[in-house]
Amino acid sequence: MTKQEFRELLKKGPLILDGATGSNLRLMGMPVGVCTEKWVNEHPEVIQKLQRAYVEAGSQVVYAPTFTANRICLKNLGLEDEVKRLNLENVKISKDAVDGRALVAGDISTTSQPLEPIGTMTYDTLLEVYKEQITYLVEAGVDYLAAETLLSLEEAMVICDAAAEVCDLPLTISFTCEGDGRLYFGGDVVEAALVLQEMGVDAVGVNCAVGPNQLMAIVKNLRENLNIPVLVKPNAGIPQIDALGQARYNMDEKEFAGCMVDLKNAGAVILGGCCGTTPQYIEKMCHIFC
């Protein structure tokens with residue numbers, strides 16, 4: 001997909017993303033403490049069942065299960081030599097699941113290692129890490145790149161640079177932040193979004209961390225300050241941990257969908273769900289939108 005095709009797609013109405021992956025895989029049998037990307041690769045039928053359900057619910061995009069399939073995150077699990085295979089094969093798993101009925105975005109996320117001077121990670125090292133993953137995502141045939149759950153403007157800028165060196169696919173970026181818009185490694189989401197807009201990002205927004213009822217002010221501020229589309233992919237409210245150690249979220253499908261309508265009216269153009277949401281959440285949201 002070209003950047004122009006992506007822009008034309010968004011002119012047709014809201015672009016509906018999928019919902020949560022990790023929290024649903026846990027409910028579908030994935031053990032605690034394993035590498036999600038490796039487990040999915042070994043149990044493709046599970047993620048395919050979930051992604052087919054999202055498409056049937058109305059998702060126009062599913063995120064490939066490549067969230068932490070970068071060299072730094074995989075090295076923490078002794079899997080640094082699996083970067084190429086996991087990216088190539090996991091994208092194929094998603095492409096086979098949707099069978100042309102939805103776009104497949106190459107999912108990229110934080111390494112959780114802050115750049116200098118806050119941390120010890122260097123720009124050059126992180127650039128090569130992201131270039132490597134993006135190269136394999138492009139080779140696998142993703143429709144666009146979706147960097148999500150980012151913690152700082154600096155790592156987002158590195159991803160922008162890496163993507164620009166590798167390909168010309170559309171790139172969306174979403175941060176995880178506090179309810180007031182503060183980023184976890186410092187700075188403000190609106191200020192960060194303005195920088196990324198100048199770098200040529202195709203959409204900017206927020207995902208994870210909070211529920212949709214906490215994002216109205218952030219979405220309004222993004223819409224008022226940006227010329228590019230605003231993305232929102234929140235959790236199903238606030239989690240509570242049950243006796244079995246499972247996170248249970250306090251917002252049901254109806255309440256979530258109602259809040260998402262409010263965010264759409266506030267200016268969000270790309271909408272989906274993060275932790276705690278299921279295909280039923282996406283279906284309820286799409287029913288109201290359509």
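A pocket here is an open set of points on a 1 Å grid over the protein atoms alone, with protein on both sides within 12 Å along at least five of seven lines, and its lining residues have an atom within 4 Å of a point. This is a predicted model, where local features need pLDDT of at least 70, side-chain atom pairs count only at pLDDT 80 or more, and totals for chains, interfaces and linings use all residues. Residues are numbered from 1 along each chain as its sequence is written, and side-chain values use heavy atoms, with hydrogens and water left out.

**View 1. The second largest pocket and its lining.**
K3, C160, D161, A163, A164, C167, D168, L169, L171, M199, G200 and V201 line this pocket. Its space comes to about 150 Å³ (a volume is the space filled by probe spheres set on the points, which are joined across faces, edges and corners). By class, the lining splits into eight nonpolar, one polar and three charged residues (Ala, Val, Leu, Ile, Met, Phe, Trp, Tyr, Cys and Pro count as nonpolar, Asp, Glu, Lys and Arg as charged, and the others, Gly among them, as polar).

**View 2. The largest pocket.**
With a volume of about 810 Å³, the largest pocket has 40 lining residues, and T21, G22, S23, N24 and C275 lie nearest its centre. Two or more lining residues come from each of α2 (22-27), α3 (36-42), β4 (144-150) and β9 (247-249). Helix α2 has the largest share, at five residues. The class count is 17 nonpolar, 16 polar and seven charged.

**View 3. The open sheet.**
Eight strands run in the order β1-β10-β7-β6-β5-β4-β3-β2, with parallel pairing (two strands pair if DSSP finds at least two bridges between them). Zoom in on β6 (203-207) and β7 (230-233) for a parallel pairing over four bridges, where G205 sits opposite L231 of β7.

The loop between β3 (103-109) and α7 (123-140) holds P117, and the E116 to P117 peptide bond is cis, with omega near 5°. S112 is in the loop between β3 and α7 and, though not a glycine, has a positive phi near 65°. Over in the loop between β6 and α10 (216-225), A209 is another non-glycine with positive phi, about 70°.

Notes:
On a 1 Å grid over the protein atoms alone, a cavity is a set of points where a 1.4 Å probe fits but cannot get out, and a pocket is an open set with protein on both sides within 12 Å along at least five of seven lines; lining residues have an atom within 4 Å of a point.
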